[in-house]
Each structure stands twice: as C-alpha cells, then as structure tokens.
Amino acid sequence: MFDKFKNLFIDKQDQETDDKYILVPESEINENLKRDIVNLEEVGEAYCKSLQHKYRSKFEREDKQNLKIWVCRDIDGDQLPNLSSEQCLEKEYRSQIAINFDGFTDEEDAYVHYIQLWYYFGGYFKGTGTLYDLSKNHLEADIEEKLEELLNQL
C-alpha cells in the first residue's frame, strides 16, 4: 500500500534519472567492477574531449566562453592532485562528467552541470555504489543533451 502512495509522489523525471544507474551492493564491489569503472571513465574522457571540441564554437557564439568538459574525481568531496580511476573502490569516491563555461576558475569543483558516472557511498555499516549504466544508456548522447540544455537555458 505504501508503495502505491509513494509512486504518486515520485516525479517521472526522477524515475528516468534512476533508470540511468545500477545500484551495486557492497558485496559486489570487486576488481571486476573496478575494470568496468575504469573503462567507463576512459569512455567518458574520450567523449569529453570530442564534445568540447564540437561545442566550443557554439558556446562562444552565445557569449559563453571557455567551455570545459572533463571527468572530475573526488573522495568525500576532496579533489586530490593525483586522484585517478585506480582509487575507484575507495569509499566516498565519486567520478562525474563536469561541464563549465564563462567564469571558470581553476577550482575543478566549480562547474555548472554534471553527469555522475560512479559513486561509492561508504555508509555507516554497509556501503553501496551507483554506476552509470552504459548497457541501457548512451553517455555521449546524455552529455550532448546537457550541453544543448545549457545552450538553450542561459
């Protein structure tokens, strides 16, 4: 009964967002998953590079300078200097595609929009991970959709 009421209050957009991710219980966080996360981040980096090149002039025509799209990584909110996907199995590790333009600073956590790739929530007793599902979604199309939204919004 509670689930029926709960569904009435859940926004469809939230459901669509949730469909983009796989919930990974802590018991399934292992070296095989690490390989998948590293691969996902490498794919993300390739898309960032090509889409930044493709969209830079479109943003500049709209007076939105310095478009930057990159894979941003942190552990518990701290962007450590040499942090790489090799640390992806550490609790509170998060990677995301970040997008910024105009007043961009050297602080990599200052960005307009992001698409989460992987987040390992440590939790008090048990942790869980949230992984972008490449098997059901197309990351490049999702990034382009966000870029088009930003172009049309601002």
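I began with a term: buried means under 20% relative accessible area, exposed means over 50%, and partly exposed lies in between, with a 1.4 Å probe and protein chains only. I noted that this is a predicted model, in which local features need pLDDT of at least 70 and side-chain atom pairs count only at pLDDT 80 or more, while totals for chains, interfaces and linings use all residues. Residues are numbered from 1 along each chain as its sequence is written, and side-chain values use heavy atoms, with hydrogens and water left out.

Entry on the strands. I took strands (E, at least two residues) and helices (H or I, at least four) as DSSP runs numbered from the N terminus. In strand E3 (residues 93-100), seven of the eight residues are buried, so E3 is largely enclosed by the rest of the structure. I then looked up its partners, where pairing requires at least two DSSP bridges. Strand E2 (residues 68-75) runs antiparallel to E3 and is joined to it by eight bridges, with Ile75 opposite Tyr93. Strand E4 (residues 113-121) also pairs with E3 in the antiparallel sense, over six bridges, and there His113 is the bridge partner of Ile99.

Entry on the helices. I found that the axes (lines fitted to C-alpha atoms over the stretch in contact, with angles from 0 to 180 degrees between N-to-C directions) of H3 (residues 31-61) and H4 (residues 139-153) come within 10 Å and cross at roughly 30°. H3 and H4 are therefore roughly parallel to each other, a term for angles under 35 degrees.

Definitions and conventions. Parallel < 35°, antiparallel > 145°, perpendicular 65-115°, else oblique.
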